Amino acid sequence: MEQKRKLIECSNVSKTFQVPGGENQVVRDFNFVCQENEFICLFGPGQCGKTTLINLIAGFEMPTEGTIMVNGKRVTEPGPERGVVFQNITLFPWLTTMGNVEYGMKTAKVPKKERRERAQKYINLVGLQGFEQSYPIQLSGGMKQRVGIARAYSIEPEVMLMDEPFGALDAQTRYLMQEELQRIWQAEKRTVIFVTNNIEEAIYLADRILVLSNCPATIKKEYKIDLPRPRKYTSPEFLALRKEITSIVDKTL
């Protein structure tokens, strides 16, 4: 079997914020290793520190203790090898779909012809061909998130960091986007770290689920998900995992 390389390593990572009246530790002794092309879900209750972990790996925040390595290099700032998709849709309203997807590449001074070809590739990948000249106000919530995913993919990062990207969508659109993300990930492999507090979403998408304790976040238990893809929400194996993981999370509250 081909040995995959270690891409992300968090070693004894803790994060404490200064707040009025003292300190608030949000992450404590977080340790994990992620290999290339893995799909990892960080799963836990709301406000448990999941977003802080994403911000630490992205380089938006620095750990109070410990180290984070990506591809053998210590994370000290944001970098193009890490793409980020947020829950709150952050498209530029004055740019079209094409303009939004091209934006990161334009900032990176990718030549215009290459930029346009690459943007079109990822617009097609997320199923938005025909909407290249549409503005965000003309797009549904799910379509806007597709634009955000295409924009993050277009800089061709090694790691995709996704912070509850479907949390603001209605249930039907959320299920559709889960299916689409799985299709995109299988077509255009990237290492993905995906934050969610939705257990069905985690089991449907992940190779591994890291169940986090309530704040401060640390790994309570890890699950390797060996169910074949595409997964069925109603299969006995899926439902058994859902029951087991839910019981673990309930004990963290």
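Which loop does Asn-37 lie in? Asn-37 sits in the loop between strand S2 (22–35) and strand S3 (39–43). Keep in mind as you look around that this is a predicted model.

## Two asparagines with positive phi

Asn-37 is worth a stop on the tour. Its phi is positive, about 70°, although Asn-37 is not a glycine.

Now look for Asn-71, in the loop between strand S4 (65–70) and strand S5 (73–74). Asn-71 is not a glycine, yet has a positive phi of about 55°. With 35% relative accessibility, Asn-71 counts as partly exposed.

| Residue | Phi | Relative accessibility |
|---|---|---|
| Asn-71 | about 55° | 35% |

One more positive phi turns up at Lys-109, which follows H2 and has a phi near 65°.

## Helix H2 and what surrounds it

That brings us to H2 itself, which covers residues 97–107. Which residues of H2 are buried? They are Thr-97, Met-98, Gly-99, Asn-100, Val-101, Glu-102 and Met-105. The cover over these buried residues includes helix H3 (112–125) and H4.

Let's take H4 first. H4 runs over residues 141–154, and its axis is 8 Å from that of H2, with a packing angle of about 30°. Why call the pair roughly parallel? An angle under 35 degrees counts as roughly parallel, and H2 and H4 are therefore roughly parallel to each other. H2 passes H4 in a right-handed crossing. On the H2 side, the residues that meet H4 are Thr-97, Asn-100, Val-101 and Met-105. Their partners in H4 are Val-147, Ala-150, Arg-151 and Ser-154. Sorted by class, this contact has four nonpolar, three polar and one charged residues.

There's a handy rule for reading lists like that one. An α-helix has 3.6 residues a turn, so residues three or four places apart point the same way.

Next comes H3. The axes of H2 and H3 come within 9 Å, and they cross at roughly 125°. That angle makes H2 oblique to H3. The crossing of H2 and H3 is right-handed. From H2, the contact uses Thr-97, Met-98, Val-101, Glu-102, Met-105 and Lys-106. From H3, it uses Arg-115, Arg-116, Arg-118, Ala-119, Gln-120 and Ile-123. How do the residues in the contact of H2 with H3 divide by class? There are five nonpolar, two polar and five charged.

## Two cis peptide bonds

Time for some backbone geometry. The peptide bond that joins Cys-215 and Pro-216 is cis, and its omega is about 5°. Pro-216 is in the loop between strand S9 (208–212) and strand S10 (219–224). Another cis peptide bond goes from Arg-229 to Pro-230, with omega near -5°. You'll find Pro-230 in the loop between S10 and helix H7 (236–250).

## Cysteines without disulfides

A disulfide is a covalent bond between the sulfur atoms of two cysteines. How many disulfides does the structure hold? It holds zero. Take Cys-41: its closest cysteine sulfur, in Cys-34, is 11 Å away, which is too far for a bond. Cys-41 is also buried, with a relative accessible area of 0%. As for Cys-215, it is in no disulfide, and the nearest cysteine sulfur, that of Cys-48, is 7.5 Å away. Cys-215 is partly exposed, with a relative accessible area of 33%.

Ser-14 has 3% relative accessibility, so it counts as buried. Which residues does Ser-14 touch, not counting residues up to four places away in sequence? They are Gln-25, Val-27, Arg-28, Asp-29, Pro-63, Thr-64 and Glu-65.

Then switch to Ile-57, in helix H1 (residues 50–58). Ile-57 is buried too, with a relative accessible area of 2%. If you set aside neighbours within four places in sequence, Ile-57 is in contact with Cys-10, Phe-32, Ile-68, Val-75, Arg-82 and Leu-161. Ile-57 and Asp-163 are 106 residues apart in sequence, and their C-alpha atoms are 12 Å apart in space.

Terms used. Residues numbered from 1 in each chain as written. Predicted model: local features only at pLDDT ≥ 70, side-chain atom pairs only at ≥ 80, totals over all residues. Heavy atoms only, no water. Axes fitted to C-alpha atoms, helices over the stretch in contact; angles between N-to-C directions. Helix = DSSP H or I, 4+ residues; strand = E, 2+ residues; numbered from the N terminus. Parallel < 35°, antiparallel > 145°, perpendicular 65-115°, else oblique. Left-handed = near helix turned anticlockwise from the far one by under 90°. Contact = heavy atoms within 4.5 Å. Nonpolar A, V, L, I, M, F, W, Y, C, P; charged D, E, K, R; others polar. Buried < 20%, exposed > 50% of the residue type's maximum accessible area, 1.4 Å probe, protein only. Disulfide = S-S within 2.5 Å.
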